[in-house]
Amino acid sequence: MANRHYTISEGKEISISEFFEKNRHILGFDSPQKALYMIVKEALDNSLDACEEHQILPEIRVAVKRMEQDEFEVTVEDNGPGIDRKEVPRVFGQLLYGSRFHSFKQSRGQQGIGITAAVLYGQITTGKEAFIRTRKVGEEVAYDFKLSINIKENRANIIEEKPAIWEEQHGTIISVLAKGKYQVGKQSIFEYLKETATVNPNMSLRFEDPEGKIFQFKRVVERPSEPARAIKPYPLGLEPGEVISMAHESGASTAVGFLSGDFSRISKYSAEEICKFAGIDPDKKPSEITLAEVKNIRSSLDKIKILPPSADCLSPLGEEFIRKGLRNIYDELHPAFYSKPVMRSVSTYNGNPFSVEVGLVYGGDLPNDEPVRVVRYANKVPLLYQPGACATTKALSEVDWRSYGLDQRNGEGVPFGPMILFIHVFGIRVPYTSESKEAIAPVAEITEEIKAALKSAARTVKGFLNKREKRKKISEKFRLVSTLIPEISEKSSSITGLETVPIESVLSKVANVVFLNESFEPSDGGILVRLIVHNYTSMPRSFDIIADPPIGDIVDQKNEFNVRDLMPALSVTFEFRIAVEASRYPGTDYYFRGIDPVYINGAEPLPADWNIAKTDVEEVTEDVQ
Amino acid sequence: MSSEVPDTGKKLVELARSVYNSLKTGEVPELIMPSRNRDNIVLDPMYSVWRYGESKVTRSAKYVDGAEYILKSLYMIEFILEMIKGSKTSTLREMYYISEGWKNGKFGTQDESDIMAEDLEVITSLMREDFRLRPEENGASVIGNLTIEEKNRKGEFKRINCKDDVGEGGYNIPYNVDQEKLKIVSSDADFVLAIETGGMFDRLVENGFDERFRSILVHLKGQPARSTRRLLKRLNEEQHLPIYVFTDGDPWSFRIFASVAYGAIKTAHISQHLAVPTAQFIGITASDIMNYDLPTDVLTDKDQQALQAELKDPRFLNDFWKSEIEAMLKMNKKAEQQALAKYGLDFVTDKYLPDKLSGPNDLGE
């Protein structure tokens, strides 16, 4: 690994570092605006991977300090497990060093290239070395390093290494000086941190921007996220060259031993079958397997059945993280609706397992007439660039959002509406459109899965909108009988100078239902709900109402209200308290029992499978109809 | 057109009483009136103008929209009755602002309250002036040898000659041009020329067209106000002056002509007071654009839609308009009156208008 070289076509060897210096755009360091963002991103991705792997709740500090007009110091500090001092030169000073390079496992960073690229970029643009402090779990002291990169030989120059006293028990600080341009907006460090905080609700993050402003993203989940398990490589997901390298490094002494021992989902029996189909001597030394034979192995895999890769190698965010993360970051927009997060089961493309999670936020202060906001993630890392090229955008554009109550021109393209779509694609090898990993390649299998997840989420919005529309219609009708017609009566008698007449029979002609009308106001840290039940029919009515708050709970009171012999034209008022913030309360769902559905407006029939324990409801005793 | 009828108040109270009576007998209140859209205008053979037909709309208090409509009309009736009592008038805009205080009867837009005032005219067969409501847009201006007497604020009639007693801006047509406010004394002219745009009106004034061609020039100011159309009607009826309408060549100008000659859709209930069926169109036509090779603009989407709508408008169902509208759609171009200046400032008065005025009657009527 240490002396891996790329070979360019003229046959002259150059080091990877040298290659990078000439082609920095490939890794995303292609503009001064992006450079600072890339440094933060590479460091933070590594920190979060390390914390997850070691089940640590991340405490992160990020600071971008302006040193000169266009020179900045970017510092990222974590409370991760720390790095062994002997590893430091390789981790930070050598491209393509990475513990993950050959492992078959989902992680944020993938190529063991990012953080060294950041150090190298700083070195190229400012001529200054990087500072690293790290303290490994269990070590007595921290170590401080000043380090640069020997470009020709692709290795670190340790300029200084010394022990240091550090109050933190473990963690790592990296500080890089680099030329760049600090910017705000959609593709900025701040946006990256915000979106990272969304998917890491168990992280506490403090950010100091170049003006000295401090932003704190708070931790709202008190448990580490589930780490992904490394599995042996799944044979269908590998390139022939990778199989050759594995064969060369294999500890097995025979081809059958290599196939059954170094890959997942290949048994000894399958390995013998493969050798037979591929025409390989089962006892052949793995290191002697040729490229042609690898290709035969690949085609023989299609003939014998092997199981799909196991799902537990993937690390989803999970419902709780998405729900709490979205609330934590977007609640300041007072959304009217958060959909239940959609989790797809595991699928594969080219033998690589992946899956999709989707969250959705609707309404509130989000603008009605702008394209919906899309926050894209691949393996828990926000994607800020190249949305147009991304599988998420392709999938989104192919869904007909009009059937879910959103505006979309001609039923294609990005829809318009007060909505944020959260899309997370995760897998062992998420395919990207380029080396800088800015957009997910629109592979058909992935696009289809994203589409399916988006449609499930969209259905929940549709349900929400239908309910809201129904509520609106009911409250309009209520306004008609409770306000408009009485006011017409009042006006017509004041103009004519005649006595007002009783209007009950007109009201029952217009409505002829019992109305449930709810209003609520903030009260004692919760809300006070006032439910008015008005009988606009021409007969006395008796029935029961069950209140079901979609969020929050009713305080100190049963959720059942009994209406007995409510006379025509009269109303009865019930009051109760719910422990919920007024600004987010969507209104109570009401159910009824004991009255013909055609005579009641504002409540649904009590479902047959109603959870008796939850509502403390007794048997229906009478039917007044 | 009626002067203020003492019955106005009575008629409005009656309308409120019909609502009251419904409630009293346990019926859901309703207001019924002619439908006021393009599909419900018919030619009135007696006056040769277009009026509302038989089709009716019903606003019922059974629905929120209908109940709001009835409530708003009651508030408006109450407001008008108060004005009658206090001998006040208000502009439509003032009424719109006053409606802010009308609880559930307030209007969302001034358009809505203006239309409601027209609806009340239609329902009661009364006029806006009877309701003591006036538009804030004043009528446009007149220049020519016409003598009128206008009642001033002191209540005295003051004599004005629209050639000698006015400046270059002309005589300003007041919002009420009925007999009790404005008397037409005499005129010495052969015809009236109604002009769409101010620029062209000024050009004709500067070129002395009114004197050279013994005419009265009326500036329409775009779509003409009721009072402007009413004055044209009176000049035609009382002074027997033919009316010629000189406009731009675009779909909106065709509508200006239609409202002068046939009656506007919005005011079809009073077309017989406003429309001059014998008015003649001498505005820019598609043929003029070709014959004079005038500078043009391309039709916008809205222009095209308007022309398409005109093809379905009963007022435009004759050969002249059909061929002109289709020709304009085909060439996809429109032109302004002032495009005639391509051939010099005097071209319009020396050549275009004399040709048009002496030529065959385009309308073939």
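Before I count anything, let me say that helices (H or I, at least four residues) and strands (E, at least two) are DSSP runs, numbered from the N terminus. In those terms, chain B has 13 helices and 17 strands.

What we are looking at is a predicted model, in which local features need pLDDT of at least 70 and side-chain atom pairs count only at pLDDT 80 or more, while totals for chains, interfaces and linings use all residues. Residues are numbered from 1 along each chain as its sequence is written, and chains are lettered from A and ligands numbered from 1 in the order in which they are written.

Staying with chain B for a moment, buried residues make up 42% of its 365 residues, where buried asks for 20 or more other C-beta atoms within 10 Å of a residue's own, exposed for 12 or fewer, and partly exposed for anything in between, with C-beta atoms placed from the backbone. Among the contacts in chain B with a separation of 6 or more, 73% come from residues 24 or more positions apart; a contact here is a pair of residues whose C-beta atoms, placed from the backbone, lie within 7 Å.

Now to the place where the chains meet. There, 21 residues of chain A are in contact with 24 residues of chain B. Which helix gives the most to the side of chain A that touches chain B? That is α12(A), with 14 residues. By class, this side of chain A has 10 nonpolar, six polar and five charged residues, counting Ala, Val, Leu, Ile, Met, Phe, Trp, Tyr, Cys and Pro as nonpolar, Asp, Glu, Lys and Arg as charged, and the others, Gly among them, as polar.

Two packed helices are described by the angle between their axes and the distance between the axes. Helix α12 of chain A, residues 444-496, packs with helix α1 of chain B, residues 7-24, at about 130 degrees, and their axes are 9 Å apart; axes are lines fitted to C-alpha atoms, for helices over the stretch in contact, and angles run from 0 to 180 degrees between N-to-C directions. The two helices are therefore oblique to each other, given that angles under 35 degrees count as roughly parallel, over 145 as roughly antiparallel, 65 to 115 as roughly perpendicular and the rest as oblique. Among the residues making this contact are Ile488(A) and Ser492(A) on α12(A), and Val13(B) and Tyr20(B) on α1(B). The residues of the contact divide into seven nonpolar, four polar and one charged.

The next topic is a sheet in chain A. It is an open sheet of four strands with mixed pairing, in the order β22-β19-β18-β24, and two strands pair if DSSP finds at least two bridges between them. β22 (571-578) and β24 (600-601) stand at the edges with a single partner strand each, so one side of each is left without a neighbour in the sheet. Helix α12(A) packs on this sheet as well, touching β18 (514-523), β19 and β24 of chain A, and its direction makes about 105 degrees with that of β18(A).

Within the sheet, β19(A), residues 526-535, and β22(A) pair in the antiparallel sense over eight bridges. Which residue of β22(A) does Val533(A) stand opposite? Its counterpart is Val572(A), while Leu531(A) has Phe574(A) as its bridge partner. β18(A) and β19(A) also run antiparallel, joined by 10 bridges, and in their hairpin, with two residues between the strands, Asp524(A) takes a positive phi near 50 degrees.

Methods: Two residues are in contact if their C-beta atoms, placed from the backbone, lie within 7 Å.
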